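Please work through each task before reading its solution.

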Amino acid sequence: MRLTFPHMGNMYIPLKGMLEYLGADVVVPPPTSKKTLTLGIKHAAEFACMPLKLNLGNFIEARELGADTVVMAGGCGPCRFGYYAQIEHAILQDIGYDMQLIVLEPPEKHISEFIVKVRQIAGTKSWWQVVQAIRFGYQKARAVDLVEVASFKARPRELVPGATDRAYKQVLALINDADSPAELKVIQEEALQIMAGVVQEYNRPALRIALIGEIYTLLEPFSNHSLERRLGQLGVEVDRSIYLSEWVNDHLFMGLIKGMRSKDEARAAADPYLRHFVGGHGQETVGSAVNYARAGYDGLIQVFPFTCMPEIVAKSILPGVSEDLDIPVLTLIMDEQSGEAGLMTRLEAFVDLLARRKETREAVNR
Ligand code: SF4
């Protein structure tokens, strides 16, 4: 069994770490690219949301590298994610790629099914080894998140253009190569030192913008046109409403690790505006907007794929949050037609607006 999975930003690092710790044979799909998208568009329905098309492209590219089994997360609720895996599998079969499918349903809803599928992947490994592998995957996710946050802080203040990107690429490769928890611990320290070594003008002021929205589009730079990097280069310190380790803590560990942001916290903050689950991360998007506004952020950017139902609901609510809590919101809807030039124009205009707004406020308060 040669396993593959969606590349989805840096998710491949913890997932590969976890599966290889279990002794699985893993084929990581090549980084998501125009070729991936072209393959997805060719075989998926036009109205399917972009993550489905990119997943499909990932699986086809991985199949060409020898993968024979797809591992996908399952879902439940009002959006289309619940049948993503099955649709992708059916398309693969239709085009002649006979791949096995293992769907990991959310353990909080389908624990017995989840256990059966984990056993299928783990083979003869003991449950203790499975727990250790999941723990190792989580540790890798945490290491990746810490260096991402370091890159968000360094990029708008770097003295040598591109220095943050180079350091970031280097540390991701180090984390990816770590083979054991002990080695990872040492590498995480080294990685954070490399990030701290990016020469910066520490007191350079930077606008703070939070990215909120649909998880795939937030985590996969190809699908959001490297929004975090572009904003950093415009002098903006970004934060994101979802990090991998938070997702793992929420959905696999049932929030057992304390001191991290959680979906429950975001949903509670959404309460005055949206009191029920609308699928995906729609409710968390609204709650995160509230939390970031209260934390004094200068602006919010909501990002999601064209036709994403939960985020369309959130989008209709965000103007109210923006008005009540006095925070500007820009919404970016991504699909295969999104162009870089148009995106840059909107980003530059939004950043310019926020900078002037901040200057005016500071002048009034002086
Ligand atoms: S959350 Fe949005 S993008 Fe993801 S499956 Fe649901 S509708 Fe599609």
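**Exercise 1.** Determine which residues of H13 and H14 meet, and how the two helices are oriented.

Solution. In this predicted model, the H13 side of the contact consists of Gly282, Thr285, Val286, Ala289, Val290, Ala293 and Arg294. They face Pro310, Glu311, Val313, Ala314, Ile317, Leu318, Val321 and Leu325 of H14. Sorted by class, the contact of H13 with H14 comprises 11 nonpolar, 2 polar and 2 charged residues. Next, consider the geometry. Helix H13 spans residues 282–294 and helix H14 residues 309–325; their axes lie 8 Å apart and the packing angle is about 20 degrees. Angles under 35 degrees count as roughly parallel, and therefore H13 is roughly parallel to H14. Finally, the crossing of H13 and H14 is right-handed.

**Exercise 2.** Describe how H1 packs against H6.

Solution. Helix H1 covers residues 12–21 and helix H6 residues 127–154; the axes come within 8 Å and cross at roughly 155 degrees. An angle over 145 degrees counts as roughly antiparallel, so H1 runs roughly antiparallel to H6. The handedness of the H1 and H6 crossing is right-handed. From H1, the contributors are Ile13, Pro14, Leu15, Gly17, Met18 and Tyr21. From H6, they are Gln132, Ala133, Ile134, Phe136, Gly137, Lys140, Ala141 and Val144. The class count for the contact of H1 with H6 is 10 nonpolar, 3 polar and 1 charged.

**Exercise 3.** Which element provides the largest share of the side of domain 1 that touches domain 2?

Solution. The domain assignment divides the protein chain into domain 1 (2–123), domain 2 (126–204) and domain 3 (206–366). The centres of domain 1 and domain 2, taken over C-alpha atoms, are separated by 25 Å. Second, consider the contact: 10 residues of domain 1 touch 13 residues of domain 2. Two or more residues of the domain 1 side come from each of H1 and helix H5 (111–122). H1 supplies the largest share, 6 residues. Third, the classes on this side of domain 1 are 8 nonpolar, 2 polar and no charged residues.

**Exercise 4.** Which residues are closest to the ligand, and which domains each give at least three residues to the shell?

Solution. The ligand is surrounded by 13 residues, the closest being Cys49, Cys79, Phe81, Gly280 and Cys308. By class, the shell holds 9 nonpolar, 2 polar and 2 charged residues. Domain 1 (2–123) and domain 3 (206–366) each contribute at least three residues to the shell around the ligand.

How values were computed
Residues are numbered from 1 along each chain as its sequence is written. This is a predicted model: local features need pLDDT of at least 70, side-chain atom pairs count only at pLDDT 80 or more; totals for chains, interfaces and linings use all residues. Axes are lines fitted to C-alpha atoms, for helices over the stretch in contact, and angles run from 0 to 180 degrees between N-to-C directions. Helices (H or I, at least four residues) and strands (E, at least two) are DSSP runs, numbered from the N terminus. Angles under 35 degrees count as roughly parallel, over 145 as roughly antiparallel, 65 to 115 as roughly perpendicular and the rest as oblique. A crossing is left-handed if the near helix is turned anticlockwise from the far one by less than a right angle, and right-handed if clockwise. Two residues are in contact if their C-beta atoms, placed from the backbone, lie within 7 Å. Ala, Val, Leu, Ile, Met, Phe, Trp, Tyr, Cys and Pro count as nonpolar, Asp, Glu, Lys and Arg as charged, and the others, Gly among them, as polar. Domain bounds come from an automatic or database domain assignment. A residue is near a molecule or strand if its C-beta atom, placed from the backbone, lies within 6 Å of it.
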